[in-house]
Amino acid sequence: PVAVDREKPADAGVQLFQRPWTSIAEECESTIGPAGFAWVLTSPPQEHIEGAQWWTSYQPVSYRVESKLGTEAEFADMVSRCAAVGVAVIADAVVNHMAGIDAGTGVAGTAFTHYDYPGLYDEGDFHHCGLTADDDIADYSSREQVQTCELSNLADLDTGSATVRETIAGSLRHLRDLGVAGFRIDAAKHMAAADVQAIVDLLPEDTVIMSEVIRGSGSEPVQPEEYTGAGKVFEFQYARDLGPGLKAGVITDPALGAGPASARPLHVPSADAVVFVDNHDTERGEASVTYRDGGLYLIANALMLADDYGTPVVYSGYAFSDRDAGAPQDADGRVIGWDCAGVTGPKAQYADGEGVCTEAWTAIAGLLELRRIAADAPRLPGVGDGDVDGFERDTRALLLVNPSEADAAATVPVGLPDGRYCDVISGGAGGGISAGACAGTTVTVSGGTVTADVPAEGAIALHIGARL
Ligand code: LAG
Ligand code: CA
């Protein structure tokens, strides 16, 4: 077998939604570092409005690193403990806007009104677009409205102003000083690309940037391609192409397509793309496959992680039936957090508020290892047999998925060397080999062909680092 370079993580991250800093620190050490994730994306760390809903995180009140997710000291401790196990921290940066409510006191005690944040911003630092009756964005075909009016009443910062840019950049530099590697730029679409670039130019050169620019219809004026100069962008089209077919039991291009990523319609080039199956917004909205879909969700993650397009981010949140419901919190409004001990895969049922713990799934560690071993080996054209479809990473790895409700045996051509392989979906990293046997399913490759039993709503993943 080929040895996995344990020093080098996979080119992949995990979004730990609404997870307190102390909980992330423990998760880095117990799970995320050992699994081989390169980075973790946190929820916003700055002071925000009070309230039990998760989305209070997206209404900044000051840039103090003091929130329902923890204190600055806890944040710094998380960053250093994650770094110690090879995991970088990417923080969600809410910089397009401040609060959306008339007045209040933030969770760290800062009193504010809609357009006045003591010591930070006052009325003149905000856009007042004057283009709609309530200054809210109404028409996404107007670039000016999208970028200078208010996104659901959230006080829209005048990111064209040099002082506003410097104030924002100062808050981000402070987070870099605390050790973060970079940022998800929240609501980037709602800031001119030149404004985002100007703020990024005020940060250290090696700052990692992932701009959230939701790809709208082709006729929308603001497109993700405008933002690739400042860093990577989240490619929303990837999930849109992947999910629906899976749900219908059909996997089609481009999820399994032949040919280079550049041939994919409506996708930024691979090097510019961060891809995901779902995130905290889409699992409450457009995502067709989420944690509620159990095995299909695992399949979607497998297709993404085994692919050669973009930098994937695995999503890990908590179960909910009310889209506004925050993660369980204590009497002081601090999120309690959870650990993922004992979680090995998707569950059929979750209680509201229960952590999904995607990062702890046996299969995810196996897939991250596959991703490292596949390295730059190109994805070959898709193969299939009956309900089973899949693809090979040229002579290094093979993924077969079965989205149907019945187990299926499949025989497909493969370029992997002959041998007995351990499935890393059921066996995890290294195939869980012990005493010369796989922890999960054993699959034989012989003479350029493989025959495998692929479980219903399940997958088989083989790579040259997990052989008997
Ligand atoms: C984002 N990306 O561009 C975040 O990923 C997304 O989660 C944020 O919306 C949004 N943009 C603003 O940062 C979330 C919730 C909204 C919530 C908003 C502000 O999805 O529901 O709006 O955060 O907290 C809420 C109410 C609105 C109200 C607004 C202002 O739902 O009805 O108008 O607060 O008070
Ligand atoms: Ca704006």
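Helix axes are lines fitted to C-alpha atoms over the stretch in contact, and angles between them run from 0 to 180 degrees between N-to-C directions.

**View 1. Packing of helices α1 and α2 in the predicted model.** Helix α1 spans residues 21-35 and helix α2 residues 72-84; their axes are 8 Å apart and meet at an angle of about 10°. Angles under 35 degrees count as roughly parallel, so α1 is roughly parallel to α2. On the α1 side, the contact is formed by W21, T22, I24, A25, C28 and E29. Helix α2 contributes E74, F75, D77, M78, R81 and C82. By class, the residues of this contact comprise seven nonpolar, one polar and four charged.

**View 2. The closed barrel of eight strands.** The strands follow one another in the order β1-β2-β3-β6-β7-β8-β9-β10, with parallel pairing. On average, and with direction ignored, neighbouring strands of this sheet are turned by 30° against each other.

**View 3. Pairing of strands β6 and β7.** Strand β6 (residues 182-185) and strand β7 (residues 208-211) run parallel and are joined by four bridges. Within this pair, G182 stands opposite V208 of β7.

**View 4. Surroundings of ligand 1.** Ligand 1 is surrounded by 14 residues, of which W55, Y58, G100, S152 and A187 are the closest. The shell consists of seven nonpolar, four polar and three charged residues.

**View 5. Domain arrangement of the protein chain.** A distance of 39 Å separates the C-alpha centres of domain 1 and domain 2.

Technical notes:
Residues numbered from 1 in each chain as written. Chains lettered and ligands numbered in written order. Predicted model: local features only at pLDDT ≥ 70, side-chain atom pairs only at ≥ 80, totals over all residues. Domains from an automatic or database assignment. Near = placed C-beta within 6 Å. Nonpolar A, V, L, I, M, F, W, Y, C, P; charged D, E, K, R; others polar. Helix = DSSP H or I, 4+ residues; strand = E, 2+ residues; numbered from the N terminus. Parallel < 35°, antiparallel > 145°, perpendicular 65-115°, else oblique. Contact = placed C-beta atoms within 7 Å. Pairing = 2+ DSSP bridges.
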